[in-house]
Amino acid sequence: MRRRLAALAALSLIAAGTNAQAASNDPVGDLISSVMSGALPGAPVFNLKATLYHAGAKGVGALDSLGCKVVAMRTVAVDKNVIPRRTVLFIKETVGMKMPDGGTHDGYWYASDVGGAIKGERIDLYTGHGASSMKPAQKLNLSKLTAVKVGEFKGCPPA
């Protein structure tokens, strides 16, 4: 099964390289790409600049703009005109980053907050309590992150 998927992916890449016009109208290729990236077919992809925020900083409360508790390394503030609140984002550059509980990040973030300085294709990643919580995320190239909409959530983001 893996060999078949790899072969299909390789064919899709070859077709994309030889005929970009045809690849954009290729539902099978789009589906294969979606399976490989974890994104929904046709899901929006955002190239974003990011900043970091933490509890204890001026103007940062314990609740996000939905009234939910902010969750370290999961909550992201967005411009709701670009990325709607309640969007689940996959940010590939954060995969493997150290989590507060000692685990590794799986790349999933929850757009549940907004900020006055978050305008356009810009996001603000919540890292936890205190400036030291930002250390793992400071290793990222915050001037260029890729986020893919992978779903939506109801209620509050999972803690």
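**Barrel, backbone and ring pairs in a predicted model**

Met73 counts as buried, because its relative accessibility of 1% falls under the 20% limit. This value, like those that follow, was computed from a predicted model. Met73 is found in the loop between β1 and β2, the latter strand covering residues 75-77. The phi angle of Met73 is near 60°, a positive value in a residue other than glycine. Most residues other than glycine have a negative phi.

Arg86 lies in the loop that runs between β2 and β3, where β3 spans residues 87-91. With a relative accessible area of 31%, Arg86 is partly exposed, because this value lies between the limits of 20% and 50%.

The strands named above belong to a barrel. Six strands close into this barrel, and their order around it is β1-β5-β2-β4-β3-β6. The pairing is mixed. On average, neighbouring strands of the sheet are turned by 50° against each other, with direction ignored. Strands of a sheet pair through backbone hydrogen bonds, in either a parallel or an antiparallel sense. For strand β1 (residues 45-55) and strand β6 (residues 145-152), the sense is antiparallel, and the pairing extends over four bridges. Leu48 has Leu145 of β6 as its bridge partner.

Strand β1 also holds His54. The relative accessibility of His54 is 12%, so this residue counts as buried. When neighbours within four places in sequence are left aside, His54 is in contact with Val60, Tyr126, Thr127, Gly128, Gly130, Ala131, Ser133 and Met134.

Aromatic side chains were examined next. The count of aromatic pairs comes to three. One of them is formed by Phe90 and Tyr108, with ring centres 5.2 Å apart and an angle of 55° between the planes. Phe90 lies in strand β3 and Tyr108 in strand β4 (residues 108-113), so the pair ties together parts that are 18 residues apart in sequence. In the barrel order, β4 and β3 follow one another. The two partners fall into separate accessibility classes: Phe90, at 16% relative accessibility, counts as buried, whereas Tyr108, at 28%, counts as partly exposed.

Notes
Residues are numbered from 1 along each chain as its sequence is written. This is a predicted model: local features need pLDDT of at least 70, side-chain atom pairs count only at pLDDT 80 or more; totals for chains, interfaces and linings use all residues. Side-chain values use heavy atoms; hydrogens and water are left out. Two strands pair if DSSP finds at least two bridges between them. Helices (H or I, at least four residues) and strands (E, at least two) are DSSP runs, numbered from the N terminus. Axes are lines fitted to C-alpha atoms, for helices over the stretch in contact, and angles run from 0 to 180 degrees between N-to-C directions. Buried means under 20% relative accessible area, exposed over 50%, partly exposed in between (1.4 Å probe, protein chains only). Contact means heavy atoms within 4.5 Å. Rings of Phe, Tyr and Trp (its six-membered ring) pair if their centres lie within 6.5 Å; planes under 30 degrees apart count as stacked, over 60 as edge-to-face and the rest as tilted.
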